[in-house]
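Thank you all for coming. Please have a look at the sequence and the structure on the screen, and then I will walk you through some of the features.

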Amino acid sequence: MGERVRQTTSFLLILTAMVLATAWVDPAWAQPRILRVGVLTVAESQEWLEPFNRTLREHGWVEGKNLVFEHRHGSGDPRRLAEPAAELVRLKVDVLFPVGPPSVRAAFAATRDIPIVAHDLETDPVAAGYARSYSRPGGNLTGLFLDSPDLAGKWLELLKTIVPNLSRVVVLWDSTSGPIPLDAVRTVAPSLGVKLQVVEIHTPEEIDKAPAAFRGRPQALIILPSPMMYYESARLAQLAKKLRLPATSMFVPFAQAGGMLAYGPEMIPTVERCAALVAKILAGAKPGDLPIERPTKFEFVFNRKTAKALRLTVPDTVLLRADKLIQ
């Protein structure tokens, strides 16, 4: 009888210890797993982070609570992105978010395993080999892309409307963005009786040196999109004003800084849609199952003050089409 009591007592002690062990939880272990998003850009930029973070918060992903950002960039040089991309892969981030064609190329070259949500306004993702199709990418990459040549037609059409005798246009092209925007402009120009001179630039310093390569007397300037052209919008606007040339860009900050006009996708909605895709992947979705998206909201901003300084007579049809006039 005594032996049975001892056995029962021992069993109860062991059972009690097990219950206590399972009842005690290490606070550190109880914390939700913190996921990491690797952000890859050509240059250090903070302006789009607020809408990106806000959208992630709306989906339940809060920086410092269950999400951490790892930011890497190429110090303004698109040719220096391979190592930052490789570093993010070594960190085993949960999602890569590259912004701009050079960043997307570097991220895709660095991994076929980590999910990628790309923000690229100059590339055809299928032609580039990133995806099998827009509707079902099939690999480790999805995101938002713009490859529409319609933009090139609108830039030239607007310039031709404002400068009726337009025949000579200089095109500033950052080749790291790829050939699609340039090919689009070249395709449209002959139908409008416009001859193009393409001046290739790669760094901000080359922007100021570009006029030395201009031939004859150009009548207008088209700035093809790239991350560098976006970051240097103010510098490009000042160049156009100095040369007294009507100029157009895809990016609204160009017109806000004194360039004559900007026509292109609204940037904040594109960033928000990328953030929504990131949130889906963080929640378990596969990038290959998420359709690649395109911008749906476009904005035409016209700087009337600049047009007046250039002594241009702007038709009412142009002014009425503008979403925003800078007086």
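This is a predicted model: local features need pLDDT of at least 70, side-chain atom pairs count only at pLDDT 80 or more; totals for chains, interfaces and linings use all residues.

**A walk through the model**

Let me begin with contacts, where contact means heavy atoms within 4.5 Å: among contacts in the protein chain between residues at least 6 apart in sequence, 71% join residues at least 24 apart. Residues are numbered from 1 along each chain as its sequence is written, and side-chain values use heavy atoms, with hydrogens and water left out.

The protein chain has 14 helices and twelve strands, and these are DSSP runs (H or I with at least four residues for helices, E with at least two for strands), numbered from the N terminus. Of its 327 residues, 51% are buried, where buried means under 20% relative accessible area, exposed over 50%, and partly exposed in between, with a 1.4 Å probe and protein chains only. The accessible surface, from the Shrake-Rupley method with a 1.4 Å probe, comes to about 16,000 Å², and 55% of that belongs to carbon and sulfur atoms.

Now to the sheet. Seven strands form an open sheet in the order β7-β6-β8-β9-β10-β11-β12, with mixed pairing; two strands pair if DSSP finds at least two bridges between them. At the edges stand β7 (195-200) and β12 (324-326), and each has a single partner strand, so one side of each is left without a neighbour in the sheet. On average, with direction ignored, neighbouring strands of this sheet are turned by 20° against each other. Within it, strand β8 (residues 220-223) and strand β9 (residues 247-249) run parallel and are joined by three bridges, and Leu-221 has Ala-247 in β9 as its bridge partner.

What about the aromatic pairs? The structure holds nine of them, and here rings of Phe, Tyr and Trp (its six-membered ring) pair if their centres lie within 6.5 Å, with planes under 30 degrees apart counted as stacked, over 60 as edge-to-face and the rest as tilted. Phe-108 and Tyr-130 have ring centres 5.0 Å apart and planes at 65°, so this pair is edge-to-face. Because Phe-108 lies in helix α5 (residues 101-110) and Tyr-130 in the loop between β4 (116-120) and β5 (141-145), the pair ties together parts that are 22 residues apart in sequence. Phe-108 counts as buried at 11% relative accessibility, and Tyr-130 counts as buried at 8%.

The charged end of Arg-112 sits over the ring of Phe-108, 3.8 Å from its centre, where such a placement requires NZ of Lys or CZ of Arg within 6 Å of the ring centre and within 35 degrees of the ring normal. Arg-294 lies over the face of Tyr-134, at 3.8 Å from the ring centre. There is also one aromatic cluster formed by Tyr-263, Phe-298, Phe-300 and Phe-302.

Finally, which residues does Val-278 touch, not counting residues up to four places away in sequence? Val-278 is found in helix α12 (residues 267-282) and is buried, with a relative accessible area of 0%. Its contacts are Val-37, Phe-52, Leu-56, Val-95 and Val-117. The C-alpha atoms of Val-278 and Trp-61 are separated by 9.9 Å, although these residues are 217 residues apart along the chain.

Note on methods. Axes are lines fitted to C-alpha atoms, for helices over the stretch in contact, and angles run from 0 to 180 degrees between N-to-C directions.
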